[in-house]
Amino acid sequence: MIIREATTSDRNFIFNLSPDLIEAAQLFWHSDEVMDRFQKRYIEESIDNQDDPHVLYIAEEDQTPLGFIHVIEITEEISQKKCANVTLLAVTKEARGKGVGHALMVKAEMWAKEKRYPILQLEVFYNNDNARNFYESHGFMNDTIVMAKPLKD
């Protein structure tokens, strides 16, 4: 497996993983249409943002993409210091459990350390137990939790 920086030709692969990201979120109080629009907009805004330092890596084997990770510089809310933030991480269903996510996370952490960021952070949907367990196994800890209550008429 190799990890390389993404090119514009990887765009379709990234967008094709959107349904998997939506499924993992498990935000059942939002319609499928709303979640689809959100995910596409979020991916587009993340990968098209050229203003802040960022990197988009693709993991592949035999020229077949297996997953991707996007990391961007942000200002951490509490300390107001620049830090690295994983905006997106996704692995194909076929590649899950084979170390692809781990390899991408290691590469993201290396990028953040090279940039001398004091923190690597990310947001994860609370209902996504697999992702939360994965991130915790990589040393991530809870920072803040956003809670939502769907209101019915």
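Reply: The turns below treat salt bridges, aromatic rings, a surface patch, the nonpolar core and backbone angles. This is a predicted model, in which local features need pLDDT of at least 70 and side-chain atom pairs count only at pLDDT 80 or more, while totals for chains, interfaces and linings use all residues. Residues are numbered from 1 along each chain as its sequence is written, and side-chain values use heavy atoms, with hydrogens and water left out.

Me: Which residues are linked with Arg4 in a network of salt bridges?

Reply: The network links Arg4, Asp10 and Glu60. Asp10 and Arg4 meet through their side chains at 2.8 Å, N to O. Glu60 also forms a salt bridge with Arg4, and here the closest N and O atoms are 3.1 Å apart. This second pair links distant parts of the chain, since Glu60 belongs to strand β2 (residues 54-61) and Arg4 to strand β1 (residues 2-5), 56 residues apart. Helices (H or I, at least four residues) and strands (E, at least two) are DSSP runs, numbered from the N terminus.

Me: Where do Glu109 and Lys113 lie, and how many residues apart are they?

Reply: Both lie in helix α4 (residues 100-114); because they are four residues apart, about one helical turn separates them. Glu109 and Lys113 form a salt bridge with their closest N and O atoms 3.4 Å apart. Glu109 is partly exposed at 31% relative accessibility, whereas Lys113 is exposed at 58%.

Me: What describes a pair of aromatic rings?

Reply: Such a pair is described by the distance of the centres and the angle of the planes. Rings of Phe, Tyr and Trp (its six-membered ring) pair if their centres lie within 6.5 Å; planes under 30 degrees apart count as stacked, over 60 as edge-to-face and the rest as tilted. The structure holds four aromatic pairs. One of them joins Phe134 and Tyr135, edge-to-face, at 5.4 Å centre to centre and 65° between the planes. Tyr135 also pairs with Phe140: the centres are 5.9 Å apart and the planes are at 70°, so this pair is edge-to-face. Tyr135 is buried at 9% relative accessibility, as is Phe140 at 16%, while Phe134 is partly exposed at 22%.

Me: Which residue lies over the face of Tyr126?

Reply: A charge sits over a ring if NZ of Lys or CZ of Arg is within 6 Å of the ring centre and within 35 degrees of the ring normal. Arg132 lies over the face of Tyr126, at 4.2 Å from the ring centre. Tyr126 is located in the loop between β5 (120-122) and α5 (129-137), and is exposed at 52% relative accessibility.

Me: Which residues form a nonpolar patch with Tyr126?

Reply: Tyr126, Ile145 and Met147 form this surface patch, with about 410 Å² of accessible area together. Patches are made of residues with over 30% relative accessible area and no salt bridge: like charges are joined within 9 Å, nonpolar side chains (Val, Leu, Ile, Met, Phe, Trp, Tyr) within 5 Å. Accessible areas come from the Shrake-Rupley method with a 1.4 Å probe; for residues, only the protein chains shown count as cover.

Me: What is a nonpolar core, and which residues of the largest one touch the most other members?

Reply: In soluble globular proteins, nonpolar side chains tend to be buried together. A nonpolar core is a set of buried Ala, Val, Leu, Ile, Met, Phe, Trp, Tyr and Cys residues joined through side-chain atoms within 4.5 Å. The largest core has 23 residues, of which Ile69, Val71, Val86, Leu104, Met105 and Leu120 touch the most other members. At least two residues of this core come from each of β2, β3 (64-75), β4 (82-91), α4, β5 and α5. Its largest share, six residues, is supplied by α4.

Me: Where is Gln80 found?

Reply: Gln80 is found in the loop between β3 and β4. Its phi is near 65°, a positive value in a residue other than glycine, and Gln80 is exposed at 54% relative accessible area.

Note on methods
Buried means under 20% relative accessible area, exposed over 50%, partly exposed in between (1.4 Å probe, protein chains only). A salt bridge is a side-chain nitrogen of Lys or Arg within 4 Å of a carboxyl oxygen of Asp or Glu.
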